[in-house]
Amino acid sequence: MTTLPSPTLPEGASLFCVFCLFLVPLVAVGLALLNTGLGRSRGAAHTMASSMCILSVAAIAYFASGFAVQGFAGQPSHILRAGGQGWDWIGAGPFFFRRFEFDGSPASLAAAFSMLCVGLGALIPLGAAAERWRLAAICGSTALFGGWTFPLFAHWAWGGGWLAQLGTKYGLGHGFLDVGGSSCVHVVAGLTALSVVWIVGARRGKYSSNKMPNAIPAHNAVFAMFGAMLCWAGWLGLNSAGAVLFGGAAPAETLLVIINTTLAAGSAGLAALAATGLRFGRPDVSLTANGWVGGLVASSAGCLFIKPAEAIVIGAIAGVLVTYSVEWFEFALKVDDPGGAISAHAVGGMWGVLAAGIFARFPIEFNHLNPTQPGSDSGQLAAQLIGIATLVGFVFPTTYGLNWLLNRFLPYRVSSAAEPQGIDLQELGAEAYPEFVIHTEEFIQR
Amino acid sequence: MFLLSTMDFQGTFAMKLVGFFLLISGWLIVLATLALLASLNLRLIFLIAGLAIEMVGVVLVARSHLVLEDEAG
């Protein structure tokens, strides 16, 4: 067990960070609306109710064990000795925030920031597995995500763990860079979403007998677009708080973060609009919303260290990537993801992490973890690739295994007999729009 | 028929297991690269090799789920 030197924040940064934290829940609200709007009306009430349960369970799981696992630079952690180096692999803090001071220190701000992030991250798998994932199983899976999967990777990247120390110990740039959570929140949650979708399977009627996907349109495009725009407002706080806490930015420096975040989202939305317009003859609303969110996700990793023009490029590539990825998952892999969550968060997040390695340029004195030993820019791309290899090679099998195991004890999928009437009626006993909607699909033989 | 479907299931399950094994193996190669090699270029080569192994693992896991989805109809 050991501790790193505790990082210090620039003057006024604590108060600024608290203000940014107030914006972060808007991302969760936006994602809940997006998930609901992109699903069918027969599951709308269930998606919103599940979103509230997810936020509750995630916060409690993070309180119980999450922060103990995640920790923060300067807090105790467990070190594994291998290859002549110490590998800081897991936090060693007390459970339930015992003996922890909420005094505006970087560690206490990181705890509050991460508690908000874990909730919005846990909403992401719901977007992919909506309409057939049982509420009890959602709560169980969220507890695993909030108490173990998210905090472990967050420790490695944000808590002074071995990924963050790749620069100081192995000379790889400034270590793994992800100031706003492209990887810690979005890729981890996106890979969890893929695991859950593979475990629960596709919605009934999604694939016809010749294995071609049937279009199941979003029930409320206004919810979807409003949710995506609400995400943008929250993302400004998310990326700014992350830049202060994990990038060592002064409050004034977050102006660049705000500009980069907005430009990345804008270019991603436009690129998705153009890509779908060229491909289908008309722009597609749901894919545009997903592209926009994909741009926000991609902006997070390097938002403090890139130029505005580079943010436009990163966003535009994310928008196109997300659009084609949604189609690829649906047609080639037979993955039924009504919210496009896997593409927007896992694919968009991995591109963001990679883009940070390609585009990020650092001030000479930059080394947030250890100011006495500045890193160099060479090897930054390698550090980012190691982060991606860890996400795919460790986080994905871990989250798949945990969800697969949980599914053995707490079945994930709703009963097939009750599925046609909708998960709202089956699990909640009431629909979101009982007086206005007729489910015509139930009477069509497939 | 039952025996055949059981064998199919075991084959799919084995494909998935091998896929996950390759995913973890690729990651361990990346970690070993950090510990054993000093040159950035060498590290990059082995890092890409580790990622390539992970990609093969992803393909196998995806294929196993594709087979299961087809069987489920």
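Colleague: Let's start with charges: which residues are linked in a network of salt bridges?

Modeller: Bear in mind that this is a predicted model. In it, the network of salt bridges links A:Arg40, A:Glu131, A:Arg132, A:Arg203 and A:Asp336.

Colleague: Take A:Glu131 and A:Arg40, then. How far is N from O in that salt bridge?

Modeller: The side chains of A:Glu131 and A:Arg40 meet with N to O at 2.6 Å. A:Glu131 sits in the loop between helix 4 (106–129) and helix 5 (135–157) of chain A, while A:Arg40 sits in the loop between helix 2 (25–38) and helix 3, so this pair ties together parts that are 91 residues apart in sequence.

Colleague: And are A:Glu131 and A:Arg40 buried or exposed?

Modeller: Both A:Glu131 and A:Arg40 are buried.

Colleague: What does A:Asp336 pair with, starting with the salt bridge at 3.9 Å?

Modeller: At that distance between the closest N and O atoms, the partner of A:Asp336 is A:Arg132. A:Asp336 belongs to the loop between helix 11 (308–331) and helix 12 (341–359) of chain A and A:Arg132 to the loop between helix 4 and helix 5, so the pair ties together parts that are 204 residues apart in sequence. A:Asp336 also forms a salt bridge with A:Arg203, where the closest N and O atoms are 2.9 Å apart.

Colleague: Why is A:Asp336 classed as buried?

Modeller: A:Asp336 is classed as buried because its relative accessible area is 2%, and buried means under 20%. A:Arg203 is buried as well, with a relative accessible area of 4%, and A:Arg132 is also buried.

Colleague: How many salt bridges are there over all chains?

Modeller: The count over all chains comes to seven.

Colleague: Which residues is A:Glu419 in contact with, leaving aside its neighbours within four places in sequence?

Modeller: On that basis A:Glu419 is in contact with A:Arg42, A:Arg132, A:Arg203, A:Arg204, A:Arg413 and A:Val414. A:Glu419 lies in the loop between helix 13 (380–409) and helix 14 (423–428) of chain A, and it is buried, with a relative accessible area of 8%.

Colleague: Switching to the interface, how much area do chain A and chain B bury between them?

Modeller: Chain A and chain B bury about 2400 Å² between them, and 76% of that is on carbon and sulfur atoms. Of the area that chain A buries against chain B, A:Trp198, A:Lys211 and A:Tyr400 supply 20%, which is more than any other three residues. The contact takes 28 residues from chain A and 25 residues from chain B.

Colleague: What is the count of salt bridges between chain A and chain B?

Modeller: That count is zero.

Colleague: What does the secondary structure of chain B come to?

Modeller: Chain B has two helices and zero strands, and 33% of its 73 residues count as buried. Among its contacts between residues at least 6 apart in sequence, 76% join residues at least 24 apart. The accessible surface of chain B comes to about 4200 Å², with 80% of it belonging to carbon and sulfur atoms.

Colleague: Back to chain A: how does the span of helix 9 compare with what it should be?

Modeller: Helix 9 (residues 254–280) has 27 residues and at 1.5 Å a residue should span 39 Å, while its end C-alpha atoms are 38 Å apart, which agrees. A:Gly281, which follows helix 9, has a positive phi near 90°.

Colleague: Last one: which residues make the nonpolar surface patch of about 400 Å²?

Modeller: That patch is made by A:Ile60, A:Phe63, A:Phe95 and A:Phe96. A:Ile60 is placed in helix 3 (residues 44–70) of chain A, and A:Ile60 counts as exposed because its relative accessible area is 57%, the cut-off for exposed being over 50%.

Methods. Residues numbered from 1 in each chain as written. Chains lettered and ligands numbered in written order. Predicted model: local features only at pLDDT ≥ 70, side-chain atom pairs only at ≥ 80, totals over all residues. Heavy atoms only, no water. Patch = residues over 30% accessible without salt bridge, like charges linked within 9 Å, V, L, I, M, F, W, Y side chains within 5 Å. Areas by Shrake-Rupley, 256 points an atom, 1.4 Å probe, with all protein chains shown as cover. Salt bridge = Lys/Arg side-chain N within 4 Å of Asp/Glu carboxyl O. Helix = DSSP H or I, 4+ residues; strand = E, 2+ residues; numbered from the N terminus. Buried < 20%, exposed > 50% of the residue type's maximum accessible area, 1.4 Å probe, protein only. Expected span 1.5 Å × (residues − 1). Contact = heavy atoms within 4.5 Å. Buried area = accessible area lost by both parts, 1.4 Å probe.
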